[in-house]
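Okay, thanks for staying on, everyone. Let me put the structure up and we'll walk through it.

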Amino acid sequence: MITTEEKLRKQAYEAVEKYRDTVQKDPYRQGYHMMPPVGLLNDPNGWIQWRGTYHMFFQWMPFHTGHGAKFWGHYSSENLVDWKLEPIALTPSDWFDKNGCYSGSAIDHDDKLKVFYTGNVRNGHGERESYQCLAESENGIEFKKQGVKLELPEGYSAHFRDPKVWEHEGKWYMVVGAQTLENQGAVAFLESDDLESWTHKGELAGPVEGLGYMWECPDAFSLNGKDVLIFSPQGVEAQGIDFNNQYQTGYVVGKLDYEKGKLEHGVFNELDRGFEFYAPQSMLDEKGRRLLVGWMGVPDQNEEHHPTIQHHWIHNLTLPRELKLVEGELYQLPVKEMEQLREEKLFEEVVGADLSHKLPRTSELVMDVDGSLNQFELQLFDYLKLSYSKETGYFTMERSSLANGNTESRSCRLIEGLQQMQVFIDHSSVEIFVNDGKEVFTSRMFADPDECMVKVVHKGKERLKLTAWKLRN
Ligand code: FRU
């Protein structure tokens, strides 16, 4: 007899086959970003370098371009640049995860790749239940579920999910995204000696007045002598140029007291200033780098208006970025390995005036400024405009809204001026690293597929050095 797991896996692979050509033919299909083979991708999961190989799992709905009972899809890579699609890692087929193998994380333990994830369940009364589950793999490809390791602790609603597990001085720790019974977001903190039984130690952080009703995908780690907590709160009100997406992702920096189970921290800062960024996850690789990947999407934000849904897929992940902590601020830089994508140098020139150039739809553009700019504009394919003005100090990204065609914008302030910029263009996305990663703007970009002009308007005498490469697909 065929099991539920076998049946669901078979249906998922059939969906991949059925729509392979349709997805392939989409001019917006990405050239070098991880995307779903078909259907919907959301959060990065189980991000780890294990026995030398990088593994990236992802929330995956193979059957349509909406959300639902998620699988864990799986990519692997030797170099962070070339990704191989692996067999399905987790299937929502058991009583404890039947409505979704939701987000979670990976660890290396006992010579196995182990993943903790949330089993999402809708019970007979339509109510949500949440179980934190374990699955193990001996080869990094096939996983055996080990069942539920943690039930819902007291004091939280069933919006309790996305376990991130790590080791510290011989003990295991877990953070879980939570909602208190007073409908406030928080991060639950748990401790274990053996990964089997977990003690709830309270809230590592939250609730915080004004910071929303649910915190998703927490990730705690130390960097440069400080402790950092990244999370994605829902229900934060926009304030001027901040928090303009449907849901936010940001971080706090402070000191984690493992005894007390508390993080003393400063203010919440947005991690990325673009239109599409959410639920990132980080890990420490074998070179000792803290590498982060996010979902280039936001839940409930115009998903029905993405043109790729006609081609039976939606969303992708960001490039892997290396995190640095500089004077209490998180910087993100594309990993060095991205240079391997450079195929051909298209131009390198120093300009003191306007210019336009043709750029292929997979390319990289680097701008270095000699001195500081007064006013600057970069028009990407008639779709996206970047601008900076020294007078206001604002760096702004504009595009026409996916929902209604009106102009929408995201901004940040650069008190230090615009000094440097690195832009990664893929068929339907752009990632802009400003001032060596101090600010990042991540967005989807659905420009006319035949459009290739990039224009720089530069009012001032300062000299800019622009370098561009064609990147391989
Ligand atoms: C964040 C999230 C997680 C959840 C997953 C479900 O985007 O809502 O909290 O585990 O996606 O796909």
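I'll start with the overall fold and then go to the ligand.

Quick note first: this is a predicted model, where local features need pLDDT of at least 70, side-chain atom pairs count only at pLDDT 80 or more, and totals for chains, interfaces and linings use all residues. Residues are numbered from 1 along each chain as its sequence is written, and side-chain values use heavy atoms, with hydrogens and water left out.

So, the fold. We've got one helix and 34 strands in the protein, taken as DSSP runs, H or I of at least four residues for helices and E of at least two for strands. The radius of gyration over C-alpha atoms is 22 Å, which agrees with the value near 23 Å for a compact globule, because that's what the rule gives for 473 residues. The rule is 2.2 Å times the number of residues to the power 0.38. And 60% of the residues count as buried, meaning under 20% relative accessible area with a 1.4 Å probe, protein chains only.

Now the ligand. Who's around it? N42, D43, Q59, K70, Y102, S103, R161, D162, E216, Y278 and W295, where near means a heavy atom within 4 Å. β1 (39-50), β5 (101-109) and β9 (161-168) each supply at least two residues of that shell.

For polar contacts (N or O pairs within 3.5 Å), a ligand oxygen lies 2.7 Å from a polar side-chain atom of Q59. K70 has a side-chain N or O atom 2.9 Å from a ligand oxygen, and for E216 a polar side-chain atom also sits at 2.9 Å from one.

Technical notes:
Polar contact = N/O pair within 3.5 Å; in protein donor to acceptor, adjacent residues only side chain to side chain. Buried < 20%, exposed > 50% of the residue type's maximum accessible area, 1.4 Å probe, protein only.
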